[in-house]
Amino acid sequence: GIYVATSNNQILGNVIAGHGQSVPVGLYASGVRIQGSPTAPANGNVLKGNYIGTNAAGDAGLGNTGDGVFINDASNNIIGGNAAADRNVIAGNLEQGVRIEASMTGTSSSNVVAGNYIGVKPNGLTALANRTGIHLRNNTTGVLTGTVIGGITAGHRNVISGNTAGGMSVSAGAPTFIQGNYIGVDRTGM
């Protein structure tokens, strides 16, 4: 969908859906991929107000075959925010809603995922599944640190529900801060 390999970009108010497997196999067709490297950082990017994996109304899936959002070897990126207009609806994707990783030689630090609907429609009440809501991991010697999922206010709350394989998977990345989210329930907490 959108491949970002530079810093300080804003991706606002888009419908990003329906992308198939890319070539070569292994470079999944993510809705948005933020890919950094030691010589070309991809830091400080912002994604707000997007529908990623759905149609324009957000009421049906047009999933990307990869992840909704994939951040790899990139830091200080923000997905969402604390205002309703900042909310991304990340749903209907065949892999993770949001995946954050560090490769064997890379670092992903201080990325923020806040205020989003992940695995539910824009009403926050009805499921529209990804495989896993949010997945964090690093590869052997990579450094994944300081990821923030949610926050201390209701506006920072992610609703992570309706996904087929689970709400969150955290296999590495200390410290990771997971706070104030609704996981497995709708936006009302039911």
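Author: The protein chain exposes about 7,800 Å², and carbon and sulfur atoms supply 55% of that area. Accessible areas follow the Shrake-Rupley method with a 1.4 Å probe, and for residues only the protein chains shown count as cover. This is a predicted model: local features need pLDDT of at least 70, side-chain atom pairs count only at pLDDT 80 or more, and totals for chains, interfaces and linings use all residues. Residues are numbered from 1 along each chain as its sequence is written, and side-chain values use heavy atoms, leaving out hydrogens and water.

Of the 190 residues, 46% count as buried (under 20% relative accessible area; exposed is over 50%, partly exposed lies in between; 1.4 Å probe, protein chains only). The chain holds 20 strands and 0 helices (DSSP runs numbered from the N terminus: E, at least two residues, for strands; H or I, at least four, for helices). Its radius of gyration is 15 Å, close to the 16 Å of the globule rule for 190 residues, so the chain is as compact as a globular protein of that length. That radius is taken over C-alpha atoms, and the rule is 2.2 Å times the number of residues to the power 0.38. Along the principal axes, the C-alpha atoms fill a box of roughly 45 × 35 × 30 Å.

Contacts here mean heavy atoms within 4.5 Å. Among those with a separation of 6 or more, 78% link residues 24 or more positions apart.

Arg 99 belongs to β10 (residues 98-102). Arg 99 is buried, at 10% relative accessible area. Its side chain makes a polar contact of 2.7 Å with that of Asp 67 (N or O atoms within 3.5 Å; within protein, one able to donate a hydrogen and the other to accept it, with sequence-adjacent residues counted only if both atoms are side-chain atoms). Arg 137 sits in β14 (residues 132-138) and is partly exposed, at 30%. Its side chain has a polar contact of 3.0 Å with Glu 101. Beyond four places in sequence, Arg 137 touches residues including Ile 100, Leu 144 and Ser 171. Its C-alpha atom lies 6.5 Å from that of Gly 173, 36 residues away along the chain.

A further open sheet has 6 strands, ordered β2-β5-β8-β12-β16-β19, with parallel pairing. Its edge strands, β2 (10-12) and β19, each pair on one side only. Here neighbours are turned by 5 degrees on average, direction ignored.

β8 (residues 78-80) joins β12 through 3 parallel bridges, with Ile 79 partnering Val 113. β12 (residues 112-114) pairs with β16 (residues 147-150) over 2 bridges, where Val 113 partners Ile 149. Then 4 bridges join β16 to β19 (residues 176-179), with Thr 147 opposite Thr 176.

Methods. Two strands pair if DSSP finds at least two bridges between them. Axes are lines fitted to C-alpha atoms, for helices over the stretch in contact, and angles run from 0 to 180 degrees between N-to-C directions.
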